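Open the model in your viewer and keep the sequence panel beside it. This tour tells you what to select at each stop and what you will find there.

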Amino acid sequence: MSATGSDAIREPALVRYSAIAVAIAFLGLSVVVPLASVLVQAFGQGAGRFLAALREPETWAAIRLTLLTAAISVPLNTAFGVAAAWLIARYDFRGKGVLTTLIDLPFSISPVIAGLIFVLLFGRQGLFGPLLEAHDVQIIFAVPGIVLATTFVTLPFVAREVLPLMQSQGSNEEEAALTLGASGWQVFFRVTLPKIRFGLVTGVILCNARAMGEFGAVSVVSGHVRGLTNTMPLQVEILYNEYNLVGAFSVASLLTLLAMVTLVAKKLLERSKAVRR
Amino acid sequence: MKPLALLFALAGTAALADTTLLNVSYDPTRELYQDVNAAFAKAWKAKTGETVTINQSHGGSGKQARAVIDGLEADVATLALGYDVDALHQKGKLIPADWQKRLPNQSAPYTSTIVFVVRKGNPKQIHDWDDLLKPGVLVVTPNPKTSGGARWNYLAAWGSALRKNGGDEAKARDFVTQLYRQVPILDSGARGATTTFGQRNIGHVLLAWENEAFLLTQELGKDRFEIITPSVSILAEPPVTVVDRYADKHGTRKVAQAYLDFLYTPEGQAIVAKHHFRPRTGAQPERPQLFTIDEVFGGWTKAQQTHFADRGVFDQIYEGGK
Amino acid sequence: MSVTVEGLTKKFAPGGRPAVHQATFTAPSGAITTLLGPSGSGKTTVLRMIAGLEAADAGTVRLGALDCTRLPVRERGVGVVFQGYALFKHLSVRRNIAFGLEVRRRPKAEIDRRVEELLALVQLEALGDRLPDQLSGGQQQRVAFARALAIEPRVLLLDEPFGALDSRVRVELRTWLAELHRKTHLTTILVTHDQDEALELSQQVVVMNEGRIEQIGSPDEIYDRPATAFVAAFIGNANVLRGTVKEGQAALGAHALGALGSAPEGSAVQAFVRPDEVKLARADPDAPAMSLGLVEALTRIGGFVKVGLRLPSGERLTVELGKAEFEALSVSQGDRVLVDLGGAKIFVEDYSI
């Protein structure tokens, strides 16, 4: 079928063009205008102010903390997501249904609750509080708590992208590879990984975008110590509340740019896939 | 332990200081403590030769107290309410029961009060509490059920009405009921109400902390707003305390103590005044006449129960106000 | 190298019917052995257990003298051609063929040489750099063969290798496979539901039904001397006629066939007769109606004519005649013809001769 669809399902031109116009107007109002306004606010007083705002020590610390958090939680969730999808797609075992549900759980509970779970576990009055205090290990209100909460909230992304791919593709190619003498790892890296790579990239990108952008769960476990435990989204809120609009929108637009870079990377990958077809 | 330590090193900028204090405070004190911290660090260095770095954490006062109880290891807590500091003792066993007696002025080195912000030229001619009930005046104040600041606004209105009416509870209630009928939107937090008034241009008068009112006019334009001080208002005494348990654990009790003492020194009090909190020393302005929660409402806990608990006075009048 | 399975049993659902029950046979060295049966007969499961892709619940698999029942797939050295090819879609034809050598870390020069040899063997020299999706079904199938042969397997296992292809390509590839086998002389086990494929290609046929082996034999033996009613019915699309034992013979309407010896009188009897085994003759106008068949339908299929008959018992019979034979007979719809069931195989219930 051609990209524009068959004549049989075509609407009259007027209907088509108005539908397109409505869609574009809607996207423009709900996505483009707000994003543009963020950029205008950030750069409105010049690129110098923008860069100076990002160099401010507390903001710079927030940027580094956000990157560090993503750098830990994204690989962790990628490894976990692929492993879990592999298990669920390939094997039948007791508790498979439970595992599948558990993977979705972070999507279905409020991020604030997700943060509170860690407070209840690792807070001073929480389940492991006395143990952690005895060994002088700080988890919540510190970087480990932020990483944990972020990892929790972003856990489903990779698994959810990869699992349907693995399920629909079956395991014929893997079996073929085994009969050809490949070891388990060889099968994974030479056959499975290439098969799921586009889904995997999408999952990683979504996971990363959320890891950098997560507010609710991180806000609960952060402790908001300036220059130490504020991530970029928290810093945006703080700057905004302090009437530092240039600062707030500079950090916000940096976050937006990071998200757009990953989206563009995804588009490019999809195009390279289309070209190869 | 090693990897965790590494994480801190990677994330932190302050890890190299000789001594580090964490001051867990509430939202409007950020600029105040930024100045205090710099001045104290300098004074401490001059006195002892030691370098001290003070980290700050700000948020809603109740939420901050909760975080400290849950393990946010504050060396000092500088919160909005005695009620929140009490929680550190009652719920967290982090400080002794008599914490309030350890520093002068019930451990409150500065005070603040509720004032009005009106638009430039004061078009509705609002000068005191009664003027808020003029027909057509819209008052911006957040929801006392969710915002600490909003409770102060409410109690200030209630207490001033009591004063004017010789202690007549029924008249005070009528006044506050009418007042909330003239509130177009109940924002959930103080900063949201400020935005509603200042940036969305809704309402004719904003009830706010004095220091917030000054910050608003500074940041959003002195040519746009005026601050009106009513004849009577409430006295807020934000208390400070060393968090004994954490300070002892960190071995920072001495410097934490000195940090709080510094707030009472002339230098500290000057910084307090600069940020539009009211210092404890020096000449006090005539307006407004101030009353405390203890005098009028019998303490924060009682005020909380009577007015803001479920089906308390606020629920009754606001239900009725709808 | 021969392949021997003994007592091979596999159950997928606990308590359910076994997918394979006590399968025992030997695939002789250098020959093509076919596992033939309808879908669900367990033939693919047997193949997968030989390959090591499925673990047997009981029984053993031996390659030559080596018991490899517990040996992991990758150490068995079997070449498998899968139904639907299972080519690596992201790799070129060349890399597909090279896969087994690459994972064995053979020197690059050797791999390149071997891949070129195999491309020539499967006549795909010009298509080495294509991706599998850019090839026709038949070409993909040949890549699958080359890939399986690249590792110089001890045995070649083929699971419905032509199942997804259209009939013309199937026939071509069958000839091609026979030639390939003449060149390589690899011990080959072929799974198929297509009896023509089995009868044409194999030296030995193992007929399976509902997880059990029905008969093992040469294609001729299977065709001419079916051991069970199932084999008789399955091979050659035989007509089935039902009757009873009467005076030592099978009584099927007016026909009395065979010598059933000691079979108990009155037992149920099934007779299987293939469409090309029935002989027809013009009926004598005086012959009794009881032994005649009524011509209900005539269908010409190329060089054959399919004659649909109804017997006096009401049973239907399909007969295939060569075109010349049909013209000599010269019958038309509605005529009655004499029916000779002499070639029928007869099975008495729970008893066979």
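**Stop 1: an arginine in chain C**

Select Arg174(C), which sits in helix H6 of chain C, residues 167–184. Helices (H or I, at least four residues) and strands (E, at least two) are DSSP runs, numbered from the N terminus. This is a predicted model, in which local features need pLDDT of at least 70 and side-chain atom pairs count only at pLDDT 80 or more, while totals for chains, interfaces and linings use all residues. Residues are numbered from 1 along each chain as its sequence is written, chains are lettered from A and ligands numbered from 1 in the order in which they are written, and side-chain values use heavy atoms, with hydrogens and water left out.

Is Arg174(C) buried or exposed? Its relative accessible area is 8%, so Arg174(C) is buried. The term buried means under 20% relative accessible area, exposed means over 50%, and partly exposed is in between (1.4 Å probe, protein chains only).

Now show what surrounds this arginine. Leaving out residues up to four places away in sequence, Arg174(C) touches Phe162(C), Asp194(C), Asp196(C), Glu197(C), Glu200(C) and Leu201(C); contact here means heavy atoms within 4.5 Å.

A network of salt bridges links Arg170(C), Arg174(C), Asp194(C), Glu197(C) and Glu200(C). A salt bridge is a side-chain nitrogen of Lys or Arg within 4 Å of a carboxyl oxygen of Asp or Glu.

**Stop 2**

An α-helix has 3.6 residues a turn, so residues three or four places apart point the same way. Glu172(C) is partly exposed at 44% relative accessibility, whereas Arg168(C) is exposed at 56%.

**Stop 3: where chain B meets chain A**

Colour chains A and B separately. Here 38 residues of chain B are in contact with 32 residues of chain A. The two chains bury about 3000 Å² between them, 53% of it on carbon and sulfur atoms; buried area is the accessible area (1.4 Å probe) that two parts lose on being put together, summed over both.

How many salt bridges cross the interface of chain B and chain A? The rule finds four. To see a salt bridge between these chains, select Arg30(B) and Glu58(A), whose closest N and O atoms are 3.2 Å apart. On the side of chain B that touches chain A, the residues divide into 15 nonpolar, 12 polar and 11 charged. In this grouping Ala, Val, Leu, Ile, Met, Phe, Trp, Tyr, Cys and Pro count as nonpolar, Asp, Glu, Lys and Arg as charged, and the others, Gly among them, as polar.

**Stop 4: helix H3 of chain B**

Select H3(B), which is mostly covered, with seven of its 10 residues buried. Among them are Ala65(B), Val68(B) and Ile69(B). What covers the buried residues of H3(B)? The cover includes helix H5 (111–122) of chain A, together with strand E1 (19–26), E2, helix H4 (82–90) and H9 of chain B. Just after H3(B), look at Gly71(B), which takes a positive phi of about 125 degrees.

**Stop 5: links within chain B**

A search of the whole structure finds 47 salt bridges over all chains. Select Lys249(B) and Glu73(B), which form a salt bridge with the closest N and O atoms 2.5 Å apart. This pair links distant parts of the chain, 176 residues apart: Lys249(B) is in helix H9 and Glu73(B) is in the loop between H3 and strand E3 (76–78). Lys249(B) is partly exposed at 34%, while Glu73(B) counts as buried at 14% relative accessibility.

Finish with Arg280(B) and Glu237(B), whose side chains meet in a salt bridge at 2.7 Å, N to O. Arg280(B) lies in the loop between strands E10 and E11 and Glu237(B) in the loop between strands E8 and E9, so the pair ties together parts 43 residues apart in sequence.
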